[in-house]
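Please walk me through this structure, one chain at a time, and then show me how the two chains meet.

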Amino acid sequence: MKNLYLKLLAVFVLGFAVVFAAHSQAHAQSNGLGVAPKQSYTMQAGQTATNSLYLSNLDKNAPLTVHINVVDFEAADQTGAARLLQGSDQPQTPWSLKPYLTVPDVVTVPAGASIQVPFTIKLPDNIGAGTYYSAVEYTATRGTNPQDVTIAASTATLLFINVPGNVSELMTVQDFGFTKNNNPASHYKYLFTSNKPEYFGYRIKNSGNVAEQPAGSIVIKNIFGKTVVHINTANPKGQIVLIGQTRKFTGCNPASTAPEKLPLDSNCTPVNISPGFYTATLTIVYGQNGQPSRDIGATAHFWYLPLGWLIALIIIIVLIIVGIYWLYRKMSRHRHHRRHR
Amino acid sequence: MFLGLSKIKRILPLALIAVLLLAISPSVFAFTNLIQRSVTIGTSIASANTTHTFSFVFPITENVGSIVFEYCTDPIDSIPCDNPPGSDVSGAVLASQAGETGFAIVSQSTNQIVLGRTPSVVGNQANTYEFTNVINPSNLGPFFIRISAYPNSDGSGPLLSFSSVAASINQTININAEVPDILYFCAAVIIPTNCSDASGDFIEFGTLTTDRTKFGASQFFVGSNAVNGYTVSTNGPTMTSGTDQITAASSPDISRIGTSQFGLNLRANSVPLIGADNVGGTGLPTANYSIINKYAYQDGGVVAASTTRSTTELYTVSYIVNVNSAQPPGVYNTTITYLCVASF
């Protein structure tokens, strides 16, 4: 038993040495930060409002000095990944909150504590309706003398402000379909599936000046037009399509429709359908408060054929073709005989 | 009457192509029914007692005797209507009407108001109906009001027009009661359990030589309850000394002794023997940084991402640095800032 403990200790020490084989020196302080990752508010043109952002120091032993910076961001790709536009020569985006947002440059958070970082947003009277957004970036750096590689940690709060009024809203559905997994890289269009579909996906292009959160539902009808599945949350995670972005939305057939469970990936279950041909229809209704509501949507068709059914179907088709061919040959021979007589 | 084999041969591919096209090309469409329809909510605060004002234009010129407003979690008319939690229009009052007038509330329930009048032909002007004493839904997020027009005064008869309008309960600037999502993040040389005991903020490679790869490791830790996941990117230049620099590996490459090369990855490597795979959570290293024994570095490059809620996750970053004989002498260093941002 003692040998076993010694072996385990040796494995642990060896593993630790492998992972951290660098000639590194450790400073015994953490740069751990806790933040609220996203905040959305509605404000009127001309309004000035103050609020605060949550910021915590995860180091229980030392206070943490955090530098705060307002940075514009954009969609990094067709998912919800944000790319912070940090270049010093980066032009301000048309939807930037920078001119209206005031935050402290530096704050100190006591060890193991959290603070509320105050911010003020002052919107001018003549600001146009729409969505304005920027990121509040927090950077914690402990090192004072640059070493070979100095490591710093940074995180951000994405801040969205909706200004009501005469906004320009235009969304278009680019594609839609069901898929076998929830990978955003999945293609949603397929003709046959041998498994009951579980996940759906669609892409929406936002050509307006509002960051939109599409809402709607999906209906699956069988070949006779009867509704067999209804998913009333086409955007279960409340995802947003930014201004000018084309974004992929993914979701699934929920096992539970409880609001707290809808966004969870573990809450997915295959749709309960029998083998056959199906038509899925996506309907999205959108429109800001007081603005015209619009409906957009798309349909997709697919066959659900389990492997056993597919094999049986192929056998039946082959038998039909062979039968037709056999009958054709027989009729031809019969005609030939009659003509001969 | 039998099809000849040659005809079958000709028709079968066409039929297959037709089915295929039907299946792979989703038809995109837009509905139109009630025109220029909208709803204006007096306040979009959850559970507030407020006004809801509907505006729309009839696309028809027929006898309309009633208009039904139905509050639902879903906009589609063929789907049973579920009342948005907390919403209540059973005490709503028709405060004003314009355009097609003469309506009064003939029946109402928790999620439905039926306006009725003596049937008369509608015009194509804008119509507005304002209801007061409406209780908003209690949950943040969207809800829908289905608007239907019928020829009879009590909401019966064939459906003449139908459309849904979208509304939403939003967070206002002065409310801080919501329990927000939280994102925890730290980067350090060693993170034994979580960010509370992370330590170390620099890696020393010692003297760089042309005959050996110098390497080191650090870690970062992500914890979040945000449902859309996160990305972690590296920000900072390659190792520099004044204007001299060690070339960053722009694409994944093995460690090449004797060449100018700086790179990193997030895997357990064997050449050199350094690093570890990520532990816990749902995130993964991105393509350029997930190949064992291949290293890359790009300022601003995303090194790890999760597309779903990820509880806590620990990543280990392995760095390698090589120099060639032409590398000017100097003290080379860099600061790499690991930036973790939640997805929207």
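Chain A holds 2 helices and 19 strands. The model is a predicted one. Of the 341 residues in chain A, 40% count as buried. Look next at contacts in chain A between residues at least 6 apart in sequence: 70% of them join residues at least 24 apart.

Chain A is split into two domains. Domain 1 covers 31–143 + 150–163, and domain 2 covers 171–309. Their centres, taken over C-alpha atoms, are separated by 32 Å. The two domains touch: 10 residues of domain 1 of chain A and 12 residues of domain 2 of chain A take part in the contact. On the domain 1 side, the elements that supply two or more residues are β5 (73–75) and β10 (130–140) of chain A. The largest share of that side, 3 residues, comes from β10(A). By type, the residues on the domain 1 side are 4 nonpolar, 5 polar and 1 charged.

One residue of chain A is worth a stop. A:G297 sits in strand β19 (residues 294–304) of chain A. Is A:G297 buried or exposed? A residue is buried if 20 or more other C-beta atoms lie within 10 Å of its own. A:G297 has 24 C-beta neighbours inside 10 Å, so A:G297 counts as buried. Now compare sequence with space. A:G297 and A:T269 are 28 residues apart along the chain, and their C-alpha atoms are separated by 23 Å.

Turn to chain B. Chain B has 1 helix and 23 strands. Of its 344 residues, 46% count as buried. Among contacts in chain B between residues at least 6 apart in sequence, 72% link residues at least 24 apart. Chain B is also divided into two domains, with domain 1 at 35–169 and domain 2 at 183–342. The C-alpha centres of these two domains of chain B lie 57 Å apart.

Now find a sheet within chain B. Strands of a sheet pair through backbone hydrogen bonds, either parallel or antiparallel. Here 5 strands of chain B form an open sheet in the order β6-β7-β4-β9-β10, and the pairing is antiparallel. Which strands stand at the edges? They are β6 (104–108) and β10 (161–169) of chain B. Each has a single partner strand, so one side of each is left without a neighbour in the sheet. From one strand to the next, the twist averages 25°. Take one pair from this sheet. Strand β4 (residues 63–72) and strand β7 (residues 112–121) of chain B are antiparallel partners over 7 bridges. Within this pair, B:I67 has B:L115 in β7(B) as its bridge partner.

Next, see how the chains meet. In all, 97 residues of chain A are in contact with 95 residues of chain B. On the chain A side, β11(A) gives the largest share, 9 residues. The residues of that side divide into 49 nonpolar, 38 polar and 10 charged.

Strands also pair across the two chains. β11(A) and strand β23 (residues 334–342) of chain B pair in the parallel sense over 7 bridges. There, the bridge partner of A:T150 in β23(B) is B:T335. A second pair joins strand β1 (residues 33–35) of chain A to strand β11 (residues 183–188) of chain B, in the antiparallel sense over 3 bridges. In this pair, A:G34 stands opposite B:Y184 in β11(B).

The largest nonpolar core has 152 residues, and A:L33, A:L158, B:C186 and B:V232 touch the most other members. Strand β11 (residues 149–163) of chain A gives the most to this core, with 10 residues. Leaving aside neighbours within four places in sequence, B:V232 is in contact with B:F220, B:V222, B:V302, B:V303, B:A304, B:Y338, B:L339 and B:C340.

Terms used. Residues numbered from 1 in each chain as written. Chains lettered and ligands numbered in written order. Predicted model: local features only at pLDDT ≥ 70, side-chain atom pairs only at ≥ 80, totals over all residues. Pairing = 2+ DSSP bridges. Helix = DSSP H or I, 4+ residues; strand = E, 2+ residues; numbered from the N terminus. Axes fitted to C-alpha atoms, helices over the stretch in contact; angles between N-to-C directions. Buried ≥ 20, exposed ≤ 12 C-beta atoms within 10 Å, placed from the backbone. Contact = placed C-beta atoms within 7 Å. Core = buried A, V, L, I, M, F, W, Y, C linked by C-beta atoms within 7 Å. Nonpolar A, V, L, I, M, F, W, Y, C, P; charged D, E, K, R; others polar. Domains from an automatic or database assignment.
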